[in-house]
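Opening my notebook on a structure that is new to me. I'll jot down what I look up as I go.

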There are 2 protein chains.
Amino acid sequence: MSAKTPAKAIAQGMIAAECLCARHGVRLTNLRRAILEILLAAGAPVKAYDILEMMRDRGQRITPATVYRTLEFLLQNGLIHRVNALNAYISCTCRHDDNTLLMFICSECQAIKEIDDHDLYDYMQKRLEKSGLSLRDGCIEMQGTCRECMR
Amino acid sequence: MSAKTPAKAIAQGMIAAECLCARHGVRLTNLRRAILEILLAAGAPVKAYDILEMMRDRGQRITPATVYRTLEFLLQNGLIHRVNALNAYISCTCRHDDNTLLMFICSECQAIKEIDDHDLYDYMQKRLEKSGLSLRDGCIEMQGTCRECMR
DNA sequence: AACACAATGATATATTATTGCATTTTTGTC
DNA sequence: GACAAAAATGCAATAATATATCATTGTGTT
């Protein structure tokens, strides 16, 4: 419905997810597939209860607990990210096999951009280590303004 | 009670807050003072409903709405920060007069460290501008592991 | 005192998330 | 295939976090 993402990209995302789950030795069930697909299609942060509604609209009988459990699974396996600033979830667009993540959130339009800048990440890592802090496997969430909202 | 922070530091924080409010032309009321003091004393992230309880323990009749309104005021005036990763609030320890903020959260022990590293901030800013993103007035929340929890 | 405005009180409700236990589905073993 | 064990899901209740709305109180100005 609100498919902001081209069908092709969604399909690719699903295939990538299948591969990843196979490698991890975990099961990508229909429920998990369905919720991941919603997130892939949205291409934007989606709230847990919105996912719940979308699933119900599709005729699924489902409760919050199930949604959150499924999100937890997808998070664990690096297929999606949680956007703390928005209490929302977004499908992962980077191909980081590690858990490292640089995420930029536009405070104006809520758009999310994953930053695939390993140099920057490494620099931050190095810089923080001077204060005895390790970014290893860490998430970084930055808020600012995107180009469109800047003008 | 749970005063992790020396009384002297709390007092200093309060004075700084008074000054700042005076400069901003806003009122640091008793309620606001009380809640700021709780946060200063804690020296760690505190949840809204914990603040509510502490206030009630002190004999104040107070509701969630009031707590959130007060937190909002303190946030607006840069006296505290919201820790999105924890749904919690912490008194500001840096003296940034701007809204820029680099915050590090230990995923193990939940300790928060404000990073006062303008070089790092500027570097990130510059780096992000290449992607059309502006960190101006933005918050950065990083999760990782602190020295103590590393071993 | 009268007024305007900011702050707080009070009630209700919305939003986000988890717990615990029952049931179903899948997997591995015989 | 039959079975037991484990994983996934269903279901109900409830916890935790946050906001909206309207009434009341306090503060500063004239």
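Predicted model: local features only at pLDDT ≥ 70, side-chain atom pairs only at ≥ 80, totals over all residues.

I started with the nonpolar core, meaning a set of buried Ala, Val, Leu, Ile, Met, Phe, Trp, Tyr and Cys residues joined through C-beta atoms within 7 Å. Buried here means that 20 or more other C-beta atoms, placed from the backbone, lie within 10 Å of the residue's own. The largest core has 83 residues, and Leu39(A), Leu39(B) and Met103(B) have the most contacts inside it.

Residues are numbered from 1 along each chain as its sequence is written, and chains are lettered from A and ligands numbered from 1 in the order in which they are written.

Next I checked what Leu39(A) touches. Leaving out residues up to four places away in sequence, I found Val46(A), Ile80(A), Tyr89(A), Ile90(A) and Ser91(A). Contact means C-beta atoms, placed from the backbone, within 7 Å.

Then I looked at the domains of chain A, whose bounds come from an automatic or database domain assignment. Domain 1 covers 7-91 and domain 2 covers 101-150. Their centres, taken over C-alpha atoms, are 23 Å apart. Eight residues of domain 1 are in contact with seven of domain 2. On the domain 1 side I get six nonpolar, two polar and no charged residues. In this count Ala, Val, Leu, Ile, Met, Phe, Trp, Tyr, Cys and Pro are nonpolar, Asp, Glu, Lys and Arg are charged, and the others, Gly among them, are polar.

How do the chains meet? I see 28 residues of chain B in contact with 28 of chain A. On the chain B side, α5 (118-129), β5 (133-134), β6 (139-146) and α6 (147-150) each give two or more residues; helices (H or I, at least four residues) and strands (E, at least two) are DSSP runs, numbered from the N terminus. The largest share, eight residues, comes from β6(B).

I followed that strand across. Three bridges join β6 of chain A to β6(B), and the two run antiparallel; strands pair if DSSP finds at least two bridges between them. Glu141(A) has Glu141(B) as its bridge partner.

Last, DNA strand C. I count 21 residues around DNA strand C, the closest being Ala65(A), Thr29(B), Leu31(B), Thr63(B) and Ala65(B); near means a C-beta atom, placed from the backbone, within 6 Å. α4(B) gives the most to this surface, five residues. By class I noted ten nonpolar, five polar and six charged.

Terms used. Contact = placed C-beta atoms within 7 Å. Buried ≥ 20, exposed ≤ 12 C-beta atoms within 10 Å, placed from the backbone.
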